[in-house]
Amino acid sequence: MEKSKAHFPAAIPRSNFSEPFWEGTRHRRLFLQYCPRARRYQFFPRPVSIFTGRRELEWKEVSGRGSLYSYTIARMAPKAFRARVPYIIALVELDEKVRLISGLLNVQETDVRIGMAVEPVWIPNPDGTHLLHFQPADPLIRVSNPGPLQ
Amino acid sequence: MALRDNVIVAYAEAKNELRSGRDVWDFAGEILDSLITRARLDRAEINGAILSPSLTGSATAFWQQSTFEYLGLETTFSDTTDLGGCSAVGGIARAAAALDAGLCDVVALINADTPSSDDQFRHRSFVQEWTDPYGLMGPPAAFGLLATRYQHQYGLDPQALAKLAITQRDHALMNPNGLEKLRHPLSVSDYLQSRMIAEPIRLLDCVMPCDGANGLVMMSRRRALSKGYKSFVTPLGYAERSNYQAAISNPDVTVTGHYDAGIRAFANAGVALGDIGSFHPYDDFIIAVMLNLEMFAFCKPGQGAAYIAETDFHFNGDLPLNTSGGQISAGQAGLAGGGTNLVEAVRQLQGEGGERQVADRRYALVAGIGWIPYGRNWGSSNALILSADA
């Protein structure tokens with residue numbers, strides 16, 4: 001499913017300080033900014049720690065495992081996404097207590113539950129990086145072809 | 001000197017229009033002219049000006065100074081309040097601070113925007129890098145995430161949301177400045193059957209962007225008394241909160257900055273919630289009104305639907321709500337839309353509500369919502385308590 005559809009923007013404008021995140025995605029690895037003073041993670045990448053305002057930040061690899069904090073089913077979409085409707089936009093809370101907005105793939109709408117365990121799915125971008133999506137961690141509710149274009 | 005040493009002596013509002021084809025400065029000029037008439041001022045007396053941002057005009061630099069040049073305003077103090085939908089309400093506190101500091105004597109607050117004719121808006125935010133790639137379609141999808149979480153924690157009652165939508169629509173029917181396209185009655189089934197945009201957000205949960213403008217004139221109480229105004233409106237308490245819970249990466253999204261802003265605004269005003277005669281919250285989405293009811297403690301968190309079921313929000317009911325129809329039913333004039341419910345509160349307190357006049361016009365509560373951050377509720381929350389002065 002990943003390779004056939006070019007429905008993601010070809011060039012995503014990126015901040016210089018988010019480069020380590022995108023480099024990690026080339027190898028399907030998830031890196032988050034970590035503030036050693038606060039001992040907490042943050043997402044999306046920032047020029048400073050959101051906890052201390054200081055530029056002392058590290059990048060740490062995390063598993064990408066987490067749970068579904070919330071979601072919405074897009075019934076209308078921006079032009080580039082219209083062919084995918086309906087699709088699920090997820091607000092995922094990683095085990096590291098940070099939240100990410102992402103796409104939830106490989107699941108029937110009726111099986112989506114807040115709190116369900118999720119894991120990363122990496123969708124290739126044309127530049128060799130990947131776009132992080134999620135799918136149910138439970139293989140029993142995972143479906144390979146849940147709907148059009150997913 | 002304090003907030004309440006300054007007063008609002010006049011308000012103005014243009015009729016909301018869909019794709020008017022009018023220039024944004026045509027709307028701003030209509031407001032300036034109306035304010036001069038209503039406040040019985042010479043243009044030269046206005047030496048302070050505060051603008052809201054504009055989807056049409058402030059995407060480029062020099063919005064504020066261009067506006068002054070088009071309107072012929074010469075100022076000793078000027079500002080554009082860059083707080084999204086909180087801007088118009090936030091402008092009141094900034095005007096009072098400038099008056100207190102002696103930076104100017106008479107302030108025109110002008111909010112004009114024409115996104116349905118000339119939308120120049122583009123993001124410079126997290127949006128391009130972190131949400132556009134997932135097809136997150138703007139505010140409806142962000143409120144979809146918020147509403148689904150609310151539903152999970154407390155349950156979401158579409159009947160309660162329908163009641164708010166219908167009440168505000170009833171008010172819009174009595175507002176000649178409302179968008180004509182929305183001036184027809186709404187039924188429960190109209191609301192429930194309106195199509196899903198970003199589940200559980202329906203089409204009738206959302207505002208309709210339009211062109212429009214509004215404004216106010218403020219000056220010190222002393223000046224207002226010496227100029228002999230018969231009635232004016234006093235800002236008694238104000239508080240704002242931006243980037244609420246910024247240093248928490250996983251906040252409860254059903255708790256908003258209004259929880260904090262409400263407590264401080266009421267403390268500043270020295271009035272109690274029960275004193276509020278009408279409520280004018282920012283209404284970009286119906287569920288935002290319900291969250292406001294909870295955060296201002298009209299009811300407990302999660303009890304919004306039950307409270308809505310037992311409360312009459314009509315202009316002549318228990319708690320008059322957005323009595324001009326709000327943005328939801330009168331149209332959202334872009335970033336000037338934050339002035340729609342503010343101006344209506346001033347109008348009501350001055351006793352000029354006409355057929356929708358509220359009975360208790362001692363105190364009104366106005367609230368703003370501005371900006372949608374990444375995976376949270378909203379970026380700025382503010383609260384303003386106004387009182388009628390003889």
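**Stop one: the strand pairing**

Select B:Ala198 in S5(B), and you have the bridge partner of A:Ala74. Two strands pair here if DSSP finds at least two bridges between them; helices (H or I, at least four residues) and strands (E, at least two) are DSSP runs, numbered from the N terminus.

A word on ground rules: this is a predicted model, where local features need pLDDT of at least 70 and side-chain atom pairs count only at pLDDT 80 or more, while totals for chains, interfaces and linings use all residues. Residues are numbered from 1 along each chain as its sequence is written, chains are lettered from A and ligands numbered from 1 in the order written, and side-chain values use heavy atoms, with hydrogens and water left out.

**Stop two: the salt bridge**

Now pick B:Glu199 and A:Arg75, whose side chains form a salt bridge at 2.7 Å, N to O. The term asks for a side-chain nitrogen of Lys or Arg within 4 Å of a carboxyl oxygen of Asp or Glu. The count between chain B and chain A is one.

**Stop three: chain B's side**

Next, color helix H4 (127-131), helix H5 (138-154) and strand S5 (196-199) of chain B; each supplies at least two residues of the side that touches chain A. H5(B) gives the most, with seven residues.

**Last stop: the whole contact**

Select heavy atoms within 4.5 Å across the chains: the contact takes 33 residues from chain B and 44 residues from chain A.
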